Amino acid sequence: MQRKSFLVATLCGLLASGAAWAQTPAEVHKQLASERFNIVSPFPAGGPVDALARFLADGLSKRYGQPAVVENAVGAAGNIGIDKIKRAKGDGHNLLVVPAGNLTINPTLMTNFPFNIEKDFVPITMLAKAPNVVVASPASGIKNAKDLIAQAKAKPGALSYASPGIGSGLHLAGELFKQQAGIDMLHVAYKGTAPALNDTVAGIVPLMFTNLPAALPFIHSGKLVAVGITEAQRTPVAPEIPTLAEQGIQGVNVTSWYGLLAPAGTPPAVAEQLAKDAAEILAQPEIQDKLKAQGMTQATMAPAAFAKAMKDETAVWAGVIKSRGIKAE
């Protein structure tokens, strides 16, 4: 009798599990409309992560008739906020908006990285991206990639470039550029984008790898020269700036992007629906204008495509980090 009860309980559990993994659109909508949404931004208010979280919160609240609260859970390079979502219930109501570096760089860079991105989270979608750019001080005499490479080869290791910090995506973009161009440059790490930009404008450091929105005002004013975009195609944010690929430097396809994740256990049908919701919310004309004002473009995709994009990028950065011997500060 005990064995029979166990088998019945097991069968019921499997049937319940199967039902959860095969929800109809109506069932998914009912589930998402059942309670409030909690969206964690692991970085301070005012930045792109926070802005995207608030766009989503407003859109999801209107769609499902439930409150959507954004929490800025700041600290430990984003890990405090990420941990909150790791420990939350996977029912579609607990969501994380996070930049690429926390997902594709830190797992290799950090010696004791506290998460397993593939096991602890369900990928929903990439949300938006902002192009990166190589900029030069006018005093450097560098106007394009050809000039940059010529100077670097003339005095190997003498030409320096700035980044917002060791292990940042922009630091690694510089290392990838060196690798692909076959040159050597000196990395100068700053504590943040602003001081690095200021010293590049002043000519203290001749070059910088940075995100385009931060550099664009200086480019337009002539205080910085745009050497090239680190994307495969020109960006609609500044279509006049050529890519590095156009100038013969292949394989430096690096963008600053932001993703949406949920805790492990979130059903696939719910993840698919949330990906569609995010795409439709960000496609609204007023949101498109707000994205453009921050130098971002929509980059939504299906969960499976997002999972693959993260896996592929993680492998690229792992190779750069290991081959260059980069250590976290």
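The model is predicted, so local features need pLDDT of at least 70 and side-chain atom pairs count only at pLDDT 80 or more, while totals for chains, interfaces and linings use all residues. Residues are numbered from 1 along each chain as its sequence is written, and side-chain values use heavy atoms, with hydrogens and water left out. Helices (H or I, at least four residues) and strands (E, at least two) are DSSP runs, numbered from the N terminus.

**Nonpolar cores**

- The largest nonpolar core has 34 residues, and Ile39, Leu52 and Val97 have the most contacts inside it. Such a core is a set of buried Ala, Val, Leu, Ile, Met, Phe, Trp, Tyr and Cys residues joined through side-chain atoms within 4.5 Å; buried means under 20% relative accessible area, exposed over 50%, and partly exposed in between (1.4 Å probe, protein chains only).
- At least two residues of this core come from each of α2 (25-32), β1 (37-41), α3 (48-64), β3, β4 (121-136), β9 (255-263), α12 (268-282) and α13 (285-293). The most come from α3, which gives nine residues.
- Another core, of 30 residues, lies apart from the largest one and includes Ile105, Phe177, Val227 and Ile321.
- Val97 touches, among others, Ile39, Leu52, Leu56, Leu127 and Leu260, not counting residues up to four places away in sequence. Contact here means heavy atoms within 4.5 Å.

**Pockets**

- About 1,100 Å³ of space lies in the largest pocket. On a 1 Å grid over the protein atoms alone, a pocket is an open set of points where a 1.4 Å probe fits, with protein on both sides within 12 Å along at least five of seven lines, and lining residues have an atom within 4 Å of a point. Grid points are joined across faces, edges and corners, and a volume is the space filled by probe spheres set on the points.
- Of the 43 residues lining the largest pocket, Phe43, Pro99, Gly101, Ser168 and Gly169 are the closest to its centre.
- The lining of the largest pocket divides into 22 nonpolar, 17 polar and four charged residues. Ala, Val, Leu, Ile, Met, Phe, Trp, Tyr, Cys and Pro count as nonpolar, Asp, Glu, Lys and Arg as charged, and the others, Gly among them, as polar.
- The second largest pocket has a volume of about 400 Å³. Its lining has 21 residues, with Lys129, Glu231, Asn253, Val254 and Thr255 nearest the centre.
- In the second largest pocket, α14 provides the largest share of the lining, four residues, and the lining splits into 10 nonpolar, six polar and five charged residues.

**Aromatic pairs**

- There are six aromatic pairs. Rings of Phe, Tyr and Trp (its six-membered ring) pair if their centres lie within 6.5 Å; planes under 30 degrees apart count as stacked, over 60 as edge-to-face and the rest as tilted.
- Phe113 and Phe115 pair edge-to-face, at 5.6 Å centre to centre and 80° between the planes.
- Phe115 and Phe121 are also edge-to-face, at 6.1 Å and 70°, and both are buried.
- Ring pairs link Phe113, Phe115 and Phe121 into a cluster.

**Two loop residues**

- Gly90 sits in the loop between α4 (79-86) and β3 (94-99), where Gly90 touches Pro263, Ala264, Gly265, Thr266 and Pro267, leaving out residues up to four places away in sequence.
- Ser137 is in the loop between β4 and α8 (145-154) and counts as buried because its relative accessibility is 2%.
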